[in-house]
Amino acid sequence: MDLLEYQGKQLFSKHGVPVPEGRHAVTVPEAVEGADELGYPVVVKAQVQIGGRGKAGGIKLAANRSEAETHAAAILGMDIRGLTVHELYVEKASQIDEEYYAAVVFDRGAKKPMAMLSRMGGMDVEAIAEKDPEAMVKLHVDPLIGFQDFQGRRLAFEAGVAADVIRPVGAMLAKLYDTFVAEDAMLLEVNPLLVTEAREVVALDAKVTLDDNALYRHLDSAEFRNLSAEDPQERMAKERGLTYVSLDGNIGILGNGAGLVMSTLDVVAQAGGRPANFLDAGGGSKAEAITSAVEVILSNDDVTAVLFNIFGGITRCDEVAKGLIEAFRQIEPTVPFVVRLDGTNDKEGRALLAEAALPNVHTESTMLEAAERVVELAG
Amino acid sequence: MAVLVDTDTRLCVSGITGREGTFHSLNNRAYGTQVVSGVTPGKGGQDVEGIPVFDTFHEAVEQTGANTAMVFVPPRFAADSILEAEDAGISLIVTITEGIPAHDEMRVYNHLARNPDVRLVGPNCPGILSPGKSNVGIIPAAFFREGNVGVVSRSGTLTYQIGNELAQSGFGNSSIVGIGGDPVPGSSFIDIIELFEADPETELIVLSGEIGGDAEERAADHIADHVSKPVVAYIAGFTAPPGKTMGHAGAIVSGSSGTAQAKADALEARGVRVGRNPTQVAEIAVEILGARV
């Protein structure tokens, strides 16, 4: 789960990472009220999960109340690279002296957390790597003993941080690591990490990704919403406990098992088609889950044909067939379906479908034939 | 021969009294696996159709000589169960549980790395099947028979699909090992490929990978330097968009890394043939080993 800046900063504050004071707002009056409380000047910031907010005009300095009102009105509803701004964060303006970059990431290769620091803040990490790979200092942390003070000092010295802020930067890294562990984060990025004119060290931005699998022990974080990023089908699927990812094509896909569904998307694309979604009905799916999944797929108006690709292991093909028959009874789809059933109880499943004689449902015996057929039918 | 599980496997199942745990334990036993015990804290003294249940792994190991554990407990208890099995002296821990927090997996991995006598397979994996010998996990054994193709895979159903294509071309399997779709798998492709390389029964190795991480790229380097047997690969997720998790917690393209194309390129650059779809994997196997039907 990717958090918005203000949500990430809430977690930072909770663990002692210094951040500027700010207020969350969803309307212009709320933003102005927040700005009044903070005292001017303030910065009005669009809350969307995408880089380049500043360049797109989504971050503006307001010297007084009327400027705050103007900026809040302009930014709310703004489109930033395809995302509509529904939320604002109004923050006390900081006097910038230096901009650094700091991050703690879950390094899958090393299977350890990795802490990173650079003096070249304000640009993205790829740009830093391109401009001067030496400028990014990295080290791994042993998760069994945690982040050590010497590691904070080493990062700060090796990154060439100004002598007077070596200690506070090291301390901030230690607190970021605490946040990373305590909140079950997969990524924490502070860019820029600011040194103010008063030589204070604060996190001016926060990019945080949490582990969905750990949300059960972070019930407050599980409540975080992101109004601009929610896809209607993805939300509907989530409520029904299905794993669904929206794609931009016209062929609805349902399969069992993440690997097989990914493979199905590829085979459809190889046959010249464009998948509309990834939907993993999961292992051992019962008929009701299949019916529910068909509803989610068809709620996307772009879908002109649907492919079922099932290899039954724990999942029984007769249950899949029953689910599809029930879906036809309940929602009477108008688009063609191609169904490939193989594995556990495949004969029973195919017999059920033959008996039901559903309109516009085509069965194929292999994955490749099924992909070709659905591409042809999708038009 | 086979790898990891065979007729010497003595299995203890953590979570044996749960619905799924019971179902698959009995399935494994019906296949011929020696399922010697189960662990459910608080249910010691009971039995599941004759399989004795203990409160702790230590008791189960002491009294039934279990050498392999299968972990089936819910995600929030899984890391603890793996660590208990290791502490009790189990040498192979197969974890089926899906949805374990990544930080738990990371701590468990780094702890187990200090013990050379233990191996973890999974989490979030379908288990290990050595046809004709032993089945530990949820792989539907009916589709596979004994043979000389070793399969190692990050996913479940895709493995069955590939295994089935191989079976239709007349090939059986030495072992099928699911390493799981999570960000921190206990065993990597390389760990399992080393076992297949050393297994006299295995003549061909099939690697089934997917987007996310760099395990396939690392395997490609290892194969080029250390593997004499032919390897055929398959990679799923060419059409996956960056930044979206495709079902498995580990299947996500982050920035420019972890794409299917990069993985296929890395493998091909080191002489590993990559099938464009599961059917092609079987076709390449036929080219290498000759038709078997």
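Predicted model: local features only at pLDDT ≥ 70, side-chain atom pairs only at ≥ 80, totals over all residues.
Mentor: Residues are numbered from 1 along each chain as its sequence is written, while chains are lettered from A and ligands numbered from 1 in the order in which they are written.

Trainee: Why are α5(A) and α6(A) called oblique to each other?

Mentor: Take the angle. The axes of α5 (residues 149-159) and α6 (residues 166-182) of chain A cross at roughly 125° and come within 8 Å. Axes are lines fitted to C-alpha atoms, for helices over the stretch in contact, and angles run from 0 to 180 degrees between N-to-C directions. Under 35 degrees counts as roughly parallel, over 145 as roughly antiparallel, 65 to 115 as roughly perpendicular, and the rest as oblique. The angle is roughly 125°, so the pair is oblique.

Trainee: What is the hand of that crossing?

Mentor: The crossing of α5(A) and α6(A) is right-handed.

Trainee: Which residues make the contact?

Mentor: On α5(A), they include Arg153(A), Leu155(A) and Phe157(A); on α6(A), they include Ile166(A), Val169(A) and Leu173(A). Contact requires C-beta atoms, placed from the backbone, to lie within 7 Å. By class there are eight nonpolar, two polar and two charged residues. Ala, Val, Leu, Ile, Met, Phe, Trp, Tyr, Cys and Pro count as nonpolar, Asp, Glu, Lys and Arg as charged, and the others, Gly among them, as polar.

Trainee: What makes β1 and β3 of chain A edge strands?

Mentor: Look at the order. The open sheet of four strands runs β1-β6-β2-β3 in chain A, with antiparallel pairing. β1 (22-25) and β3 (59-62) each have a single partner strand, so one side of each has no neighbour in the sheet. From one strand to the next, the twist averages 20°.

Trainee: How many bridges join β2(A) to β3(A)?

Mentor: Four bridges join them, and the strands run antiparallel. Two strands pair if DSSP finds at least two bridges between them. β2(A) and β3(A), with four, therefore count as paired. Val43(A) stands opposite Leu61(A) in β3(A). Helix α1 (residues 5-14) of chain A lies across β1, β2 and β6 (88-92), at about 140° to β1(A).

Trainee: Which element gives the most to the side of chain A that touches chain B?

Mentor: α9(A) does, with 11 residues. In total, 43 residues of chain A are in contact with 45 residues of chain B. The chain A side divides into 22 nonpolar, 11 polar and 10 charged residues.

Trainee: Why are α9(A) and α13(A) called oblique too?

Mentor: They pack at about 55°, with axes 9 Å apart. That angle is therefore in the oblique class. The crossing is right-handed. Thr264(A), Val267(A) and Val268(A) in α9(A) meet residues of α13(A), including Leu368(A) and Val374(A).

Trainee: How many helices and strands are in chain B?

Mentor: Nine helices and 14 strands. They are DSSP runs, numbered from the N terminus: helices are H or I with at least four residues, strands E with at least two. Seven strands form an open sheet, β3-β4-β2-β1-β5-β6-β7, with mixed pairing. β1 (residues 10-14) and β2 (residues 34-39) of chain B run parallel, joined by five bridges. Cys12(B) stands opposite Ser37(B) in β2(B).

Trainee: Where are the cis peptide bonds to Pro192(A) and Pro123(B)?

Mentor: One runs from Asn191(A) to Pro192(A), with omega near 10°. Pro192(A) lies in strand β10 (residues 185-196) of chain A. The other joins Gly122(B) and Pro123(B), with omega about 5°. Pro123(B) is in the loop between β7 (119-121) and β8 (127-130) of chain B.

Definitions and conventions:
Left-handed = near helix turned anticlockwise from the far one by under 90°. Contact = placed C-beta atoms within 7 Å.
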